[in-house]
Amino acid sequence: MEKNMFNINSSKSSSQSLEISENRMGNDMNLDNIALYLIGTKERFRENIIIPRTVGPVQLKTDLQGVMDSCIGKSIVSSIIGYGIGAAMGLFTFSLFPSAASIEKQQTVREVFIEMKTTTLSHAKSFAVFGFACVAIGCAIESYTGKSNLKIEACAGGLAGGITGLRAGAKAGLLGAASGAAFLTVATYYMHKY
């Protein structure tokens with residue numbers, strides 16, 4: 001009799017467990033439907049993104065801003081701007097300090113323009129290399145440390161100035177490192193303050 005009772009109980013328990021699993025399955029289907037309703041489709045469109053407003057209008061980053069936030073983009077733009085500033089400085093320097101050849105004999109217009117071109121391009125290349133090196137080194141250090149401060153900018157300016165000045169010798173390299181560190185520290189301080 002006890003065996004029979006156990007068999008009945010076991011059949012009842014199996015039917016109860018079947019009902020419970022069916023209810024769970026029904027609940028799981030309901031949860032799936034609720035999740036699909038709340039989440040929506042798997043595809044997302046940029047216009048459907050909701051960004052909470054804080055202060056001012058919300059703007060999404062464009063591809064150009066993404067490039068400008070990368071170290072390579074910053075370095076390339078810095079070298080282009082440095083090239084332009086260097087060309088202007090070379091032209092200014094040429095007008096202040098004429099060459100010794102112009103004092104000894106009368107130069108033709110063509111000779112003056114050729115000499116002006118070489119001076120301008122020399123300064124432009126130097127400024128472009130300095131600008132590229134400053135930003136590349138500074139960005140690499142900032143990416144590695146995760147910080148942005150004046151010490152990092154001073155290190156970047158010193159390394160870039162030293163590398164640029166080493167072409168003329170060790171003394172020029174040390175002078176370039178000191179002046180590069182000072183210049184970049186002052187420029188960064190001014191840019192962050194104002």
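This is a short tour of a predicted model, told as questions and answers.

Visitor: What are the ground rules for this predicted model?
Guide: Local features need pLDDT of at least 70, side-chain atom pairs count only at pLDDT 80 or more, and totals for chains, interfaces and linings use all residues. Residues are numbered from 1 along each chain as its sequence is written, and side-chain values use heavy atoms, with hydrogens and water left out.

Visitor: How many helices and strands are there in the protein?
Guide: Seven helices and zero strands. Helices are DSSP runs of H or I with at least four residues, strands are runs of E with at least two, and both are numbered from the N terminus.

Visitor: Why is threonine 120 called buried?
Guide: Buried means under 20% relative accessible area, exposed means over 50%, and partly exposed lies in between, with a 1.4 Å probe and protein chains only. Threonine 120 has 15% relative accessibility, so it counts as buried. This residue lies in helix H5, residues 109-145.

Visitor: Which residues is threonine 120 in contact with, leaving aside its neighbours within four places in sequence?
Guide: Gly86, Ala87, Gly90 and Leu91. Contact means heavy atoms within 4.5 Å.

Visitor: What lies 2.7 Å from a polar atom of the side chain of threonine 120?
Guide: The backbone oxygen of methionine 116.

Visitor: Why does serine 78 count as buried?
Guide: Its relative accessibility is 18%, so serine 78 counts as buried. Serine 78 lies in helix H3. Beyond its neighbours within four places in sequence, serine 78 is in contact with Gly131, Phe132 and Val135.

Visitor: What makes a pocket?
Guide: The search uses a 1 Å grid over the protein atoms alone. A pocket is an open set of points with protein on both sides within 12 Å along at least five of seven lines. Lining residues have an atom within 4 Å of a point.

Visitor: Which residues lie nearest the centre of the largest pocket?
Guide: Phe130, Gly131, Cys134, Phe183 and Leu184, out of 34 lining residues. Helix H3 (71-96), H5, helix H6 (150-165) and helix H7 (170-193) each give two or more residues to that lining.

Visitor: How do the residues of that lining divide?
Guide: Into 15 nonpolar, 16 polar and three charged. Ala, Val, Leu, Ile, Met, Phe, Trp, Tyr, Cys and Pro count as nonpolar, Asp, Glu, Lys and Arg as charged, and the others, Gly among them, as polar.

Definitions and conventions: A polar contact is a pair of N or O atoms within 3.5 Å; within protein, one must be able to donate a hydrogen and the other to accept it, and residues adjacent in sequence count only if both atoms are side-chain atoms. On a 1 Å grid over the protein atoms alone, a cavity is a set of points where a 1.4 Å probe fits but cannot get out, and a pocket is an open set with protein on both sides within 12 Å along at least five of seven lines; lining residues have an atom within 4 Å of a point.
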